[in-house]
Amino acid sequence: MTSTPRPVRRSLPWLLAGLSMIGPFSIDAVFPAFPLIGERFGVDSTGLQQMISMYLITYAVMSLFHGAISDAIGRKPVIVAGMLVYSLASAGAALSTSYGMLLACRSLQGVCAGAGLVVGRAIVRDSLEGAAAQQLMSRVMMIFSVAPVIAPIVGAQLLFLNGWHGIFWVLMAFTAFLAVALMLYLDETHPPEARTPFNASTLVRGYVSFGKDRPFWPLLLACTVNFAGLFLYIASAPHIIRDLLHLSAQGFPWLFLPTVIGLMIGAWLSGRMANRRSVVYTVNLGYGAMLLACALHLAAALITPEPVLPWSMLPLIVHGIGVQLAFPTLTLLLLDRFPHRRGGASSVQAFCSLMLCAVVAGVLSPLLSGHMVNLALGATALTVAGWFGWRWYHRLTGKPRVPHDATAEVEVELQTEITEPR
């Protein structure tokens, strides 16, 4: 494997960023509408959390198939079809006459949304290699990082126009526009000669081959838990903003703006370090930042029983930096364990990550969001689990350290060596 980039369209990062934004918009834009939806359908806060859990569960289950299907028929048809069906599901959600119908449409959104995330990652690795792939992944994540702060703000503003229905109409329009853009500007990156047949036996054999690869397991753990600690705060946003900070729907930027600032800084740093530092250094730095953020979260929660703005939210910046420093590299390492089944590997990672996020949103968030100390302890436990997975993986595939004055070429060589399948 080399780090020489293949020709790609300038529109590719924007298309992939648009696909990555579907997830945050599907989750975060709905938060400001929780009280109105609960009042309309007579649902309490625990029941409203099902809107997130149902979406994440179906997202996770279908993610097991998106990558394998794209390995068989190509990346572009899977993504375009997913966005078109997602658009229809959003229209159904806007027209829902019962909470059951709304949950069904949210489930259908989850079935389709994973096509963009799972297959989009495979497209990055199809198109570029080595440091160039890390740089593109970082650019995509930097653009994507704007979504979490835009989503709740847009959702809150739409409440004044058309209530909670307007949120789903905007999601419908956005995904319909994205589907058209994909049809026009996305090139197929998985040629017919590289495709593998899609059937039950092939799917099972592929997943069994993943399980037999020893480094795959700790790397999967690190990738899966990487975002969960920060997501605990995101999933708990309605409780933090309304119950702990006693703010209205217009107060969501207090939580999401620091998060996005951190994510954008981390994504920018990851791209800058692709040709300058080894993957080991980059991921270690990412986890160091995440663990520091957890310590700051815990200290702030112990010093002030009630959260105080802006201090209680500022550690989210450091947490976001750490997540984005580690995530692009961890994802590329995982995909490169199986060069001919990158779609399937991406599917497994997305499934595990989303199932964990569903547990975080549906179980941990309701249990821990009553107090900032509980949230800090929960985020710390998740982050430590991810760090343990990374250290375990590094012990299995460890390489000798490179001196700080080594050239960028040597650093890239180390990066490519550690990603080679064993």
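Colleague: Happy to look at this with you! In which helix is the place of L335?
Modeller: This is a predicted model, in which local features need pLDDT of at least 70 and side-chain atom pairs count only at pLDDT 80 or more, while totals for chains, interfaces and linings use all residues. Residues are numbered from 1 along each chain as its sequence is written, and side-chain values use heavy atoms, with hydrogens and water left out. Helices (H or I, at least four residues) and strands (E, at least two) are DSSP runs, numbered from the N terminus. On that numbering, L335 belongs to helix α16.

Colleague: Is L335 buried or exposed?
Modeller: Buried means under 20% relative accessible area, exposed over 50%, and partly exposed in between (1.4 Å probe, protein chains only). With a relative accessibility of 1%, L335 is buried.

Colleague: Which residues does L335 touch, not counting those up to four places away in sequence?
Modeller: Contact here means heavy atoms within 4.5 Å. A122 sits 213 residues from L335 in sequence, with 7.7 Å between their C-alpha atoms. Leaving out residues up to four places away in sequence, the contacts of L335 are R121, R125, R342, A345 and S346.

Colleague: Nice. How many residues of α6 are buried?
Modeller: Helix α6 covers residues 99-127 and reaches 42 Å from its first C-alpha to its last. That is close to the 42 Å expected at 1.5 Å a residue, where the expected span is 1.5 Å times one less than the number of residues. The helix is mostly covered, and its buried residues number 23 of 29.

Colleague: How many salt bridges does a search of the whole structure find?
Modeller: A salt bridge is a side-chain nitrogen of Lys or Arg within 4 Å of a carboxyl oxygen of Asp or Glu. One of them joins D71, buried at 3% relative accessible area, to R75, buried at 1%, with 2.7 Å from N to O. Searching the whole structure gives a total of two.

Colleague: How many residues apart in sequence are the parts that D213 and R337 tie together?
Modeller: D213 and R337 form a salt bridge with their closest N and O atoms 3.1 Å apart, and both residues are buried. D213 lies in the loop between α10 (200-212) and α11 (216-225), and R337 in the loop between α16 (315-335) and α17 (342-368), so the parts they tie together are separated in sequence by 124 residues.

Colleague: Last one: how many disulfides does a search of the whole structure find?
Modeller: A disulfide is a pair of cysteine sulfur atoms within 2.5 Å. C112 is buried at 6% relative accessibility, and C294 is buried at 2%. Across the whole structure, the number of disulfides found is zero.
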